[in-house]
Amino acid sequence: MNQKNSTLLEKILQGDRRAMAKAITLLESTNSESFEKGQELLDSLLPHTGKALRIGITGVPGVGKSTFIEAFGLFLIKLKHRVAVLAVDPSSPVTGGSIMGDKTRMNELSQHPNSFIRPSPSSGVLGGVARKTRETVLICEAAGYDIVFVETVGVGQSETLVDSMVDLFMLLMLPNAGDELQGIKKGVLELADLIVVNKSDGLQEPLAISTQSEYRKAMQLLSSSKKSWDPQILRCSALEKVGMQIIWEAVKNFQDALQNSGEWAQQRRSQSAKWMWALVEEGLLKNFRKNENIKKIIPEMEESVSSGEMLPSNAARRLLEKWASSKKTCTSKK
Ligand SMILES: Nc1nc2c(ncn2[C@@H]2O[C@H](COP(=O)(O)OP(=O)(O)O)[C@@H](O)[C@H]2O)c(=O)[nH]1
Ligand SMILES: [Mg+2]
(Lines give C-alpha, C1' and ligand atoms only; values in the text may rest on other atoms or scores of the structure.)
(Ligands and ions follow the chains in the order given, each with its own letter.)
Protein backbone atom coordinates (compact mmCIF):
# COMPACT_ATOMS: atom_id res chain seq x y z
CA MET A 1 0.00 0.00 0.00
CA ASN A 2 1.29 3.47 -0.79
CA GLN A 3 2.11 6.05 1.86
CA LYS A 4 -0.98 8.18 1.26
CA ASN A 5 -3.32 5.25 1.62
CA SER A 6 -1.72 3.98 4.81
CA THR A 7 -1.98 7.42 6.41
CA LEU A 8 -5.62 7.51 5.41
CA LEU A 9 -6.10 4.05 6.90
CA GLU A 10 -4.60 5.10 10.20
CA LYS A 11 -6.72 8.21 10.38
CA ILE A 12 -9.88 6.24 9.67
CA LEU A 13 -9.04 3.77 12.42
CA GLN A 14 -8.70 6.74 14.76
CA GLY A 15 -12.21 7.80 13.77
CA ASP A 16 -11.22 10.91 11.81
CA ARG A 17 -14.35 12.04 9.97
CA ARG A 18 -12.50 13.93 7.26
CA ALA A 19 -10.48 10.83 6.43
CA MET A 20 -13.72 8.84 6.27
CA ALA A 21 -15.21 11.32 3.84
CA LYS A 22 -12.07 11.12 1.73
CA ALA A 23 -12.19 7.35 1.62
CA ILE A 24 -15.87 7.39 0.65
CA THR A 25 -15.10 9.80 -2.15
CA LEU A 26 -12.49 7.32 -3.43
CA LEU A 27 -15.05 4.52 -3.39
CA GLU A 28 -17.55 6.64 -5.29
CA SER A 29 -15.00 7.83 -7.82
CA THR A 30 -15.47 7.08 -11.50
CA ASN A 31 -11.76 7.60 -12.09
CA SER A 32 -10.29 4.11 -12.23
CA GLU A 33 -7.08 4.97 -10.38
CA SER A 34 -8.94 6.52 -7.43
CA PHE A 35 -11.41 3.69 -7.50
CA GLU A 36 -8.59 1.14 -7.24
CA LYS A 37 -7.10 3.06 -4.33
CA GLY A 38 -10.49 2.94 -2.64
CA GLN A 39 -10.74 -0.81 -3.10
CA GLU A 40 -7.21 -1.32 -1.78
CA LEU A 41 -8.06 0.76 1.25
CA LEU A 42 -11.22 -1.25 1.80
CA ASP A 43 -9.22 -4.47 1.75
CA SER A 44 -6.96 -3.25 4.50
CA LEU A 45 -9.90 -2.00 6.55
CA LEU A 46 -11.64 -5.35 6.39
CA PRO A 47 -10.14 -6.84 9.59
CA HIS A 48 -11.55 -3.86 11.50
CA THR A 49 -15.11 -4.17 10.21
CA GLY A 50 -18.23 -6.14 11.07
CA LYS A 51 -18.64 -5.04 14.65
CA ALA A 52 -21.50 -2.58 14.31
CA LEU A 53 -25.17 -3.15 14.75
CA ARG A 54 -26.58 -2.35 11.33
CA ILE A 55 -30.14 -1.02 11.30
CA GLY A 56 -32.21 -0.34 8.20
CA ILE A 57 -34.95 2.28 8.47
CA THR A 58 -37.72 2.79 5.99
CA GLY A 59 -41.13 4.42 5.73
CA VAL A 60 -43.03 6.73 3.40
CA PRO A 61 -41.83 10.32 2.99
CA GLY A 62 -43.13 12.40 5.88
CA VAL A 63 -43.47 9.51 8.34
CA GLY A 64 -40.66 11.01 10.38
CA LYS A 65 -37.55 9.02 9.50
CA SER A 66 -35.18 11.95 9.85
CA THR A 67 -36.83 13.18 13.05
CA PHE A 68 -36.68 9.64 14.43
CA ILE A 69 -33.02 9.14 13.56
CA GLU A 70 -32.24 12.46 15.26
CA ALA A 71 -34.07 11.42 18.44
CA PHE A 72 -32.91 7.80 18.52
CA GLY A 73 -29.37 8.70 17.47
CA LEU A 74 -29.00 11.23 20.27
CA PHE A 75 -30.49 8.73 22.72
CA LEU A 76 -27.86 6.18 21.69
CA ILE A 77 -25.05 8.70 21.87
CA LYS A 78 -26.07 9.38 25.48
CA LEU A 79 -25.56 5.66 26.08
CA LYS A 80 -21.99 6.12 24.80
CA HIS A 81 -22.58 4.70 21.35
CA ARG A 82 -21.22 6.19 18.16
CA VAL A 83 -23.79 6.56 15.42
CA ALA A 84 -23.44 6.67 11.64
CA VAL A 85 -26.32 7.49 9.30
CA LEU A 86 -26.23 6.56 5.62
CA ALA A 87 -28.90 6.69 2.96
CA VAL A 88 -29.96 4.73 -0.07
CA ASP A 89 -32.21 7.03 -1.99
CA PRO A 90 -33.31 6.01 -5.46
CA SER A 91 -35.62 8.99 -5.87
CA SER A 92 -33.29 11.92 -5.99
CA PRO A 93 -29.79 10.89 -7.01
CA VAL A 94 -29.03 14.36 -8.37
CA THR A 95 -29.90 16.39 -5.32
CA GLY A 96 -27.82 14.14 -3.10
CA GLY A 97 -30.65 12.20 -1.55
CA SER A 98 -33.07 12.69 1.28
CA ILE A 99 -30.58 13.21 4.06
CA MET A 100 -29.20 16.44 2.64
CA GLY A 101 -32.63 18.03 2.42
CA ASP A 102 -33.47 16.79 5.89
CA LYS A 103 -30.25 17.68 7.61
CA THR A 104 -32.10 20.42 9.43
CA ARG A 105 -34.18 17.71 11.10
CA MET A 106 -30.98 16.07 12.24
CA ASN A 107 -29.40 19.30 13.31
CA GLU A 108 -28.19 18.32 16.75
CA LEU A 109 -27.15 14.83 15.69
CA SER A 110 -25.22 16.02 12.65
CA GLN A 111 -23.18 18.38 14.81
CA HIS A 112 -22.36 15.84 17.47
CA PRO A 113 -18.74 14.60 17.40
CA ASN A 114 -19.93 11.00 17.89
CA SER A 115 -22.08 10.99 14.78
CA PHE A 116 -21.36 10.67 11.10
CA ILE A 117 -24.01 11.47 8.49
CA ARG A 118 -23.64 10.76 4.82
CA PRO A 119 -26.21 11.32 2.07
CA SER A 120 -27.00 8.80 -0.63
CA PRO A 121 -24.23 8.34 -3.22
CA SER A 122 -25.08 10.72 -5.99
CA SER A 123 -24.30 8.64 -9.03
CA GLY A 124 -25.35 5.48 -10.71
CA VAL A 125 -28.20 3.04 -10.69
CA LEU A 126 -29.78 1.69 -7.54
CA GLY A 127 -27.50 -1.36 -7.50
CA GLY A 128 -24.45 0.87 -7.66
CA VAL A 129 -25.79 3.15 -4.96
CA ALA A 130 -26.36 0.11 -2.77
CA ARG A 131 -22.85 -1.19 -3.35
CA LYS A 132 -21.28 2.13 -2.35
CA THR A 133 -23.49 2.31 0.72
CA ARG A 134 -22.46 -1.19 1.74
CA GLU A 135 -18.81 -0.24 1.43
CA THR A 136 -19.45 2.94 3.38
CA VAL A 137 -20.87 0.81 6.21
CA LEU A 138 -17.49 -0.92 6.39
CA ILE A 139 -15.65 2.39 6.60
CA CYS A 140 -17.92 3.55 9.42
CA GLU A 141 -17.28 0.31 11.31
CA ALA A 142 -13.53 0.60 10.91
CA ALA A 143 -13.80 4.14 12.26
CA GLY A 144 -15.42 2.80 15.41
CA TYR A 145 -19.09 3.57 14.76
CA ASP A 146 -20.92 0.78 16.53
CA ILE A 147 -24.40 1.64 15.30
CA VAL A 148 -25.01 2.24 11.62
CA PHE A 149 -28.38 3.37 10.28
CA VAL A 150 -29.18 2.90 6.63
CA GLU A 151 -32.19 4.98 5.70
CA THR A 152 -34.31 4.50 2.62
CA VAL A 153 -37.63 5.80 1.35
CA GLY A 154 -40.29 3.14 1.68
CA VAL A 155 -41.69 3.12 -1.79
CA GLY A 156 -40.09 0.40 -3.84
CA GLN A 157 -37.23 -1.95 -4.52
CA SER A 158 -34.67 -0.15 -2.41
CA GLU A 159 -35.92 -1.85 0.77
CA THR A 160 -34.86 -5.27 -0.42
CA LEU A 161 -31.39 -3.92 -1.14
CA VAL A 162 -31.17 -2.26 2.23
CA ASP A 163 -32.47 -5.39 3.91
CA SER A 164 -29.57 -7.28 2.34
CA MET A 165 -27.04 -5.07 4.13
CA VAL A 166 -28.48 -4.67 7.63
CA ASP A 167 -29.02 -6.88 10.67
CA LEU A 168 -32.36 -5.41 11.66
CA PHE A 169 -34.97 -3.81 9.49
CA MET A 170 -37.27 -1.18 11.01
CA LEU A 171 -40.40 0.14 9.39
CA LEU A 172 -41.86 3.45 10.51
CA MET A 173 -45.61 3.89 10.10
CA LEU A 174 -48.09 6.71 10.46
CA PRO A 175 -50.92 6.56 12.98
CA ASN A 176 -53.36 5.63 10.29
CA ALA A 177 -54.83 2.18 10.23
CA GLY A 178 -54.64 0.22 7.00
CA ASP A 179 -51.42 -0.28 5.11
CA GLU A 180 -52.94 0.41 1.70
CA LEU A 181 -53.35 4.02 2.80
CA GLN A 182 -49.68 4.21 3.53
CA GLY A 183 -48.38 2.86 0.26
CA ILE A 184 -46.43 0.15 2.03
CA LYS A 185 -46.25 -3.06 0.09
CA LYS A 186 -46.83 -6.40 1.75
CA GLY A 187 -43.33 -7.45 0.77
CA VAL A 188 -41.87 -4.57 2.75
CA LEU A 189 -44.05 -5.43 5.74
CA GLU A 190 -42.68 -8.96 5.63
CA LEU A 191 -39.10 -7.70 5.78
CA ALA A 192 -39.74 -5.71 8.95
CA ASP A 193 -38.30 -6.94 12.25
CA LEU A 194 -39.68 -3.93 14.08
CA ILE A 195 -42.66 -1.84 13.11
CA VAL A 196 -42.85 1.49 14.87
CA VAL A 197 -45.94 3.67 14.71
CA ASN A 198 -44.54 7.19 14.90
CA LYS A 199 -46.29 10.46 15.77
CA SER A 200 -47.95 8.86 18.76
CA ASP A 201 -48.50 12.21 20.43
CA GLY A 202 -51.20 14.83 20.98
CA LEU A 203 -54.46 14.25 19.21
CA GLN A 204 -52.97 11.44 17.16
CA GLU A 205 -52.10 9.23 20.10
CA PRO A 206 -55.41 7.28 20.25
CA LEU A 207 -55.16 6.63 16.53
CA ALA A 208 -51.58 5.47 16.98
CA ILE A 209 -52.73 3.01 19.64
CA SER A 210 -55.42 1.55 17.42
CA THR A 211 -53.01 1.40 14.47
CA GLN A 212 -50.59 -0.49 16.66
CA SER A 213 -53.16 -3.12 17.63
CA GLU A 214 -54.33 -3.39 14.04
CA TYR A 215 -50.80 -4.15 12.93
CA ARG A 216 -50.34 -6.64 15.73
CA LYS A 217 -53.28 -8.55 14.29
CA ALA A 218 -52.14 -8.15 10.70
CA MET A 219 -48.61 -9.34 11.44
CA GLN A 220 -49.89 -12.60 12.86
CA LEU A 221 -51.05 -13.48 9.39
CA LEU A 222 -47.73 -12.71 7.76
CA SER A 223 -44.83 -15.09 7.81
CA SER A 224 -41.88 -13.85 9.79
CA SER A 225 -38.64 -13.30 7.89
CA LYS A 226 -36.56 -14.59 10.82
CA LYS A 227 -36.66 -17.99 12.46
CA SER A 228 -35.73 -16.80 15.91
CA TRP A 229 -37.74 -13.58 16.06
CA ASP A 230 -41.35 -12.49 15.69
CA PRO A 231 -41.73 -8.90 14.51
CA GLN A 232 -42.68 -6.44 17.26
CA ILE A 233 -45.05 -3.54 16.82
CA LEU A 234 -44.19 -0.47 18.91
CA ARG A 235 -45.12 3.19 19.16
CA CYS A 236 -43.13 6.37 19.60
CA SER A 237 -43.09 10.09 19.18
CA ALA A 238 -39.90 11.08 17.44
CA LEU A 239 -40.81 14.73 17.82
CA GLU A 240 -41.24 14.50 21.58
CA LYS A 241 -38.47 11.92 21.88
CA VAL A 242 -40.78 9.46 23.64
CA GLY A 243 -40.49 5.70 23.25
CA MET A 244 -36.77 5.53 22.49
CA GLN A 245 -35.99 3.31 25.48
CA ILE A 246 -38.63 0.74 24.51
CA ILE A 247 -37.39 0.63 20.94
CA TRP A 248 -33.80 0.22 22.08
CA GLU A 249 -34.81 -2.66 24.35
CA ALA A 250 -36.57 -4.36 21.44
CA VAL A 251 -33.47 -3.90 19.29
CA LYS A 252 -31.31 -5.50 21.98
CA ASN A 253 -33.76 -8.37 22.44
CA PHE A 254 -33.67 -8.93 18.70
CA GLN A 255 -29.89 -9.01 18.73
CA ASP A 256 -29.82 -11.44 21.67
CA ALA A 257 -32.35 -13.75 20.09
CA LEU A 258 -30.57 -13.92 16.75
CA GLN A 259 -27.13 -14.22 18.27
CA ASN A 260 -28.23 -17.02 20.56
CA SER A 261 -29.80 -18.97 17.74
CA GLY A 262 -26.87 -18.44 15.38
CA GLU A 263 -29.11 -16.69 12.90
CA TRP A 264 -27.19 -13.45 13.27
CA ALA A 265 -23.92 -14.84 11.94
CA GLN A 266 -25.73 -16.92 9.38
CA GLN A 267 -27.47 -13.82 8.02
CA ARG A 268 -24.17 -11.94 7.78
CA ARG A 269 -22.61 -14.85 5.89
CA SER A 270 -25.40 -15.18 3.40
CA GLN A 271 -25.40 -11.40 2.87
CA SER A 272 -21.70 -11.56 2.02
CA ALA A 273 -22.23 -14.35 -0.47
CA LYS A 274 -25.13 -12.49 -2.07
CA TRP A 275 -23.03 -9.36 -2.25
CA MET A 276 -20.28 -11.25 -4.05
CA TRP A 277 -22.75 -12.54 -6.62
CA ALA A 278 -24.28 -9.11 -7.08
CA LEU A 279 -20.81 -7.78 -7.88
CA VAL A 280 -20.10 -10.65 -10.26
CA GLU A 281 -23.38 -10.00 -12.05
CA GLU A 282 -22.72 -6.29 -12.24
CA GLY A 283 -19.23 -6.90 -13.65
CA LEU A 284 -20.40 -9.46 -16.17
CA LEU A 285 -23.18 -7.27 -17.44
CA LYS A 286 -20.82 -4.33 -17.79
CA ASN A 287 -18.36 -6.45 -19.78
CA PHE A 288 -21.13 -7.94 -21.83
CA ARG A 289 -22.46 -4.55 -22.87
CA LYS A 290 -18.95 -3.29 -23.65
CA ASN A 291 -18.12 -6.25 -25.91
CA GLU A 292 -17.72 -5.07 -29.52
CA ASN A 293 -19.45 -8.08 -31.08
CA ILE A 294 -22.38 -7.75 -28.74
CA LYS A 295 -22.66 -4.00 -29.15
CA LYS A 296 -23.04 -4.47 -32.89
CA ILE A 297 -26.07 -6.71 -32.68
CA ILE A 298 -27.88 -5.24 -29.66
CA PRO A 299 -29.97 -2.68 -31.64
CA GLU A 300 -31.01 -5.36 -34.12
CA MET A 301 -31.97 -7.79 -31.37
CA GLU A 302 -33.92 -5.17 -29.45
CA GLU A 303 -35.74 -4.15 -32.61
CA SER A 304 -36.62 -7.73 -33.55
CA VAL A 305 -37.91 -8.45 -30.08
CA SER A 306 -39.95 -5.28 -29.70
CA SER A 307 -41.50 -5.66 -33.15
CA GLY A 308 -42.45 -9.22 -32.28
CA GLU A 309 -40.33 -10.84 -35.01
CA MET A 310 -38.25 -12.72 -32.53
CA LEU A 311 -38.98 -14.26 -29.16
CA PRO A 312 -37.10 -12.64 -26.27
CA SER A 313 -35.79 -16.05 -25.25
CA ASN A 314 -34.42 -16.61 -28.72
CA ALA A 315 -32.74 -13.20 -28.87
CA ALA A 316 -31.24 -13.70 -25.42
CA ARG A 317 -29.84 -17.07 -26.50
CA ARG A 318 -28.27 -15.54 -29.61
CA LEU A 319 -26.69 -12.75 -27.60
CA LEU A 320 -25.28 -15.20 -25.09
CA GLU A 321 -23.94 -17.46 -27.85
CA LYS A 322 -22.26 -14.49 -29.49
CA TRP A 323 -20.74 -13.60 -26.12
CA ALA A 324 -19.50 -17.13 -25.54
CA SER A 325 -17.95 -17.42 -29.00
CA SER A 326 -16.23 -14.04 -28.73
CA LYS A 327 -14.81 -15.13 -25.37
CA LYS A 328 -13.40 -18.24 -27.03
CA THR A 329 -11.65 -16.25 -29.76
CA CYS A 330 -10.25 -13.91 -27.12
CA THR A 331 -8.76 -16.78 -25.13
CA SER A 332 -7.31 -18.55 -28.16
CA LYS A 333 -5.65 -15.33 -29.34
CA LYS A 334 -3.71 -15.05 -26.08
N1 LIG B 1 -46.46 15.18 15.69
C2 LIG B 1 -45.36 14.61 15.25
N3 LIG B 1 -44.76 15.04 14.12
C4 LIG B 1 -43.64 14.43 13.71
C5 LIG B 1 -43.06 13.36 14.42
N6 LIG B 1 -41.96 12.94 13.74
C7 LIG B 1 -41.86 13.73 12.67
N8 LIG B 1 -42.86 14.64 12.64
C9 LIG B 1 -43.07 15.69 11.63
O10 LIG B 1 -43.35 15.08 10.38
C11 LIG B 1 -42.76 15.80 9.32
C12 LIG B 1 -41.87 14.89 8.48
O13 LIG B 1 -40.76 14.45 9.26
P14 LIG B 1 -39.40 13.91 8.60
O15 LIG B 1 -38.53 13.49 9.71
O16 LIG B 1 -38.84 14.92 7.67
O17 LIG B 1 -39.92 12.68 7.77
P18 LIG B 1 -39.16 11.78 6.67
O19 LIG B 1 -39.56 12.29 5.33
O20 LIG B 1 -39.66 10.40 6.88
O21 LIG B 1 -37.69 11.90 6.92
C22 LIG B 1 -42.00 16.96 9.96
O23 LIG B 1 -42.82 18.10 9.92
C24 LIG B 1 -41.80 16.50 11.39
O25 LIG B 1 -41.72 17.55 12.30
C26 LIG B 1 -43.70 12.92 15.62
O27 LIG B 1 -43.28 12.00 16.32
N28 LIG B 1 -44.85 13.59 15.98
MG1 LIG C 1 -36.12 12.36 5.78
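Trainee: Why does Lys 227 count as exposed?

Mentor: A residue is buried if 20 or more other C-beta atoms lie within 10 Å of its own, exposed if 12 or fewer, and partly exposed in between, with C-beta atoms placed from the backbone. Lys 227 counts as exposed because it has 11 C-beta neighbours inside 10 Å. This is a predicted model: local features need pLDDT of at least 70, side-chain atom pairs count only at pLDDT 80 or more, and totals for chains, interfaces and linings use all residues. Residues are numbered from 1 along each chain as its sequence is written, while chains are lettered from A and ligands numbered from 1 in the order in which they are written.

Trainee: Which residues is Lys 227 in contact with, leaving aside its neighbours within four places in sequence?

Mentor: Contact means that two C-beta atoms, placed from the backbone, lie within 7 Å. Lys 227 is in contact with Ser 261 and Glu 263, those neighbours aside. The C-alpha atoms of Lys 227 and Ser 261 are 8.7 Å apart.

Trainee: Where does Lys 227 lie?

Mentor: Helices (H or I, at least four residues) and strands (E, at least two) are DSSP runs, numbered from the N terminus. Lys 227 sits in the loop between helix H10 (205-221) and strand E7 (232-235).

Trainee: What is the order of the strands in the open sheet?

Mentor: Strands pair if DSSP finds at least two bridges between them. The sheet has 7 strands, ordered E3-E2-E4-E1-E5-E6-E7, with parallel pairing. Strand E3 (115-117) and E7 are the edge strands, and each pairs on one side only.

Trainee: How many bridges join E2 to E4?

Mentor: Strand E2 (residues 83-88) and strand E4 (residues 147-153) are joined by 6 bridges. Ala 87 has Glu 151 as its bridge partner in E4.
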